[in-house]
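Reader: I like labels to come with their cut-offs. Can we go through this one contact by contact, with the criterion beside each value?

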Amino acid sequence: MLKNFIRTAVRNLWKYKGFTAINIIGLATGIATCLVIILYVINELGYDKYNTKADHIFRIDEEVRFGDNYYNGAETPALMGPVFAKEFPAIQTATRLIERGGLTIKRDGAKIAERSVVYADSTLFSVFTLPFLDGNPATALVGPNSLVISETIAKKYFNTTKAVGKSFDANGAIYQVTGVIKDMPQQSHFRFDFFISLSSRHDNDESNWLSNNYHTYVVLAPGTDPVRFNEQLTQRFESYVDPIIRDVINLNIVDFKKGGGFIKTRLMPLTKIHLYSHVENELDDNGNIQYVYIFGAIATFILLIACVNFMNLSTARSAGRAKEVGIRKVMGSLRSGLVGQFLIESMLISFVSFVLAVGLLFLFIPLFNQLAQQHLRVVDVFRPSMIAILLAVMIITGLLAGSYPAFVLSAFQPIDVLKGKLSRGLKGSLLRNSLVVFQFTVSIILMVSTGVIYRQLSYIRHKDIGFDKEQLLVIRNAGALGNQAQAFKKELSGLPGISGITYTAYLPIDGWRSNDAMFPTADLDIKKAISAQQWEVDADYIPTLQIQMKAGRNFSRDLPTDSSAVVINEAAAAFLKTKNPIGATLYRIQDIHSKKLQPFTVIGVVKNFNFSSLREKIMPLSLHLSSNTASLAMRVKTRDVSGLIAQIKSKWKAMVPSEAIRYTFLDEDFNRQYEGEERTGKISIAFSALAILIACLGLFGLVTYAAEQRTKEIGIRKVLGANVAGIVAMLSRDFVRLVTVAILVASPLAWFAMNKWLQDFAYRVEVPWWLFPVAGFLALLIAVVTASFQAIKAALANPVKSLRSE
């Protein structure tokens, strides 16, 4: 019986080659898209799970509020990890990481800058699963100036992975290689090539419980309740902070909390960091669980749209197969046999579609990787877990897509069929129409979403962020100039294409950050404290970046007293609650142990400028006069930018022949912050196009179905004088109504979804009302063009052929 079903199915599918091809192409495209997104979702959900202790590893985050200031970050005090590990038996192991610049390696007379560098505790390898190719993980990071490198770095510098005992001359010290590990997996929330022993740093045992610089990870004993245990950690943390704030601001922790302040820890599960953690001082850019949900929903919808097409195209063929059903029933076929026949056809189409879909993955995955900056591999599809998913999706798709045609077609009454009467029950019509509404609803939502994403990105690019980011060239390794820094600045100032130049380590978008509390009075009233960024700049910083002064003046190199002066932004000035903050004194704690205060006189107020992402509100900022020469920023004003860069390189090489210059343009750094949104917009366009394409196939099927059902009606209308335009309008009218319903359904859903997405941005556009009618018009236009193609074909048919049997 099964063999007969398969033979008949192949014969029927071959007989209707056009419908079969459309079915297979539509299903294969939908399935391939779905599989790509499934791979993406599995990849995103798999971050950090390569660690054997992943389920028991947690990062300790810190959350602090005092006055109107708030800190929520991934960094904690230096002592937290080792002290808590000793005091709490539930902590089996603790380890810390701290980023503090890179390494400048001297090699064969040249200097090579390496940025993928981190300092780590000797316990690192007992927490994270980082397999060793050479060396002993238990002792690799115990001694000072010991260094563990990745496989790639070992091959780069030593042409072998057996590099233990070799050394690097870097940053004025000799580092001994004590271990070589395999390259870290892509699915890790941090990835480094150099791990330097934390004992190499002088401040690794810093005793200030209010200074946050370290990423602290702990391994909890099995059975430990993270929520309850975190309460214990917070209480213990408060006990260490309490004597400090008593001593410094004469306020105990109880009164501190009564005043609305708090200081607490938060245990962040390792496997949730990549998708759920978006706090300050992350080690790398994380993903977003919202995108996983969005793309997962899109994958489901596109697959459903493909299945809906199969249903619609199968019912469109019902007129051609109705007599087959009637004759089979007269000859004694049971309904179950007919259902089986149609399901076999459906499963056969599903199987062929899956084979084609796997082939399409070789095209789709590289395109998706390019758009989404992912590292998906086609070979991942053939893992046992994915094969199981493939088989499950194939069977479900076949059953889902074939169930409606199977049960509807097998229900035809043989007498009605053989008399030429086909069932046109309202129920069937409602279901088919609902499916078309569903298809276009999804398509319109995707179109609106794409429009909103690109409007937000356009807003970001053109928003006045308070300084001029264009044509701002930044030399990132200016610290290599050493005592020649000012001479180099003087050399560049003489070049005709440079209108301003400044030294600093603190730049908007991509520079150092340093946060500290400042107080308007020497009694250090916590309620009046200002948590502000502390940036070290020179006197040329404000004019070079073209930051606007609102009040007061800029720093002057001719005034020695400006060394104790400060320029603040409007956000910081608002905390002072005075109309004229010029001349006010701000105090910063210089030494927490001796309670020594450092006073600063406010000499100027700059207008607020966005020095971080537009996802965040502008925070208080204070600028201090300094001789920090870590980076050099210059305002470029010339059409021959490449020629100017060549001159800068020449002057750099004359002063620093052993190290290559590293430079970027600040506007490129700014745009890099929003690469995720750019990628999402491009992916949305691709998915929108696919969804609309597949939806049009379904609409084509319905128009074909309607034309077949109304063949005689069209013939009679043409005999009675109806023209082609009138018949096309008649056949298209119903589908225009369906798309109109889809517009009404999609508009509120799209508005809600995009408003929720925009909440991630502190500065954002409103969802424009006109975007909905534009998306609706495009959907209507696409629907009319698709419907008209088949409608015109039906209208041009010879009426004699449709009426000759009457």
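Predicted model: local features only at pLDDT ≥ 70, side-chain atom pairs only at ≥ 80, totals over all residues.

Reader: What makes Asp 468 and Arg 635 a salt bridge?

Author: Their closest N and O atoms are 3.5 Å apart. A salt bridge needs a side-chain nitrogen of Lys or Arg within 4 Å of a carboxyl oxygen of Asp or Glu, so this pair passes. Residues are numbered from 1 along each chain as its sequence is written, and side-chain values use heavy atoms, with hydrogens and water left out.

Reader: Why do you say that this pair links distant parts of the chain?

Author: Asp 468 sits in the loop between α14 (426–462) and β14 (472–475), while Arg 635 is in strand β23 (residues 631–636), 167 residues apart. Those element names are DSSP runs numbered from the N terminus: helices are H or I with at least four residues, strands are E with at least two.

Reader: Is Arg 635 buried or exposed, and how do you know?

Author: Buried means under 20% relative accessible area, exposed means over 50%, and partly exposed is in between (1.4 Å probe, protein chains only). Arg 635 has 3%, so it counts as buried. Asp 468, at 28%, falls in the partly exposed range.

Reader: How many salt bridges does that rule give?

Author: The count is 18. One of them joins the side chains of Glu 282 and Arg 59, at 2.9 Å from N to O. Glu 282 is in the loop between α8 (273–276) and α9 (289–316) and Arg 59 in strand β1 (residues 57–66), so this contact ties together parts 223 residues apart in sequence. Both Glu 282 and Arg 59 are buried.

Reader: And what makes Glu 87 and Arg 236 qualify?

Author: Their closest N and O atoms are 2.9 Å apart, which meets the salt-bridge rule. Glu 87 belongs to helix α3 and Arg 236 to helix α6, so parts 149 residues apart in sequence are tied together. On accessibility, Glu 87 is partly exposed at 31%, and Arg 236 is partly exposed at 30%.

Reader: On to the rings. Why are Phe 88 and Phe 229 called edge-to-face?

Author: Rings of Phe, Tyr and Trp (its six-membered ring) pair if their centres lie within 6.5 Å; planes under 30 degrees apart are stacked, over 60 edge-to-face, and the rest tilted. The rule gives 26 aromatic pairs. For Phe 88 and Phe 229 the centres are 5.4 Å apart and the planes at 85°, so edge-to-face is the label. Phe 88 lies in the loop between α3 (80–87) and β3 (91–98) and Phe 229 in helix α6 (residues 226–249), so the pair bridges 141 residues of sequence. Phe 88 and Phe 229 are both buried.

Reader: What puts Trp 535 and Phe 609 in the edge-to-face class?

Author: The centres are 6.4 Å apart, and there is 70° between the planes. That is within the distance limit and over the angle limit, so the label holds. Trp 535 is in strand β17 (residues 530–537) and Phe 609 in the loop between β21 (596–606) and β22 (621–625), so the two parts tied together are 74 residues apart in sequence. Trp 535 has 0% relative accessibility, hence buried, and Phe 609, at 1%, is buried too.

Reader: How do you know that the charged end of Arg 96 sits over the ring of Tyr 214?

Author: The test asks for NZ of Lys or CZ of Arg within 6 Å of the ring centre and within 35 degrees of the ring normal. Arg 96 has its charged end 5.3 Å from the centre of the Tyr 214 ring. Lys 272 likewise sits over the ring of Tyr 276, at 5.5 Å.

Reader: Last one: why are the buried residues of α5 said to be on the same side?

Author: In helix α5 (residues 151–158) the buried ones are Ile 153, Ala 154, Tyr 157 and Phe 158. They cover an arc of only 100° around the axis, which puts them on the same side of α5; the arc is that of the directions from the helix axis to the C-beta atoms. An α-helix has 3.6 residues a turn, so residues three or four places apart point the same way.
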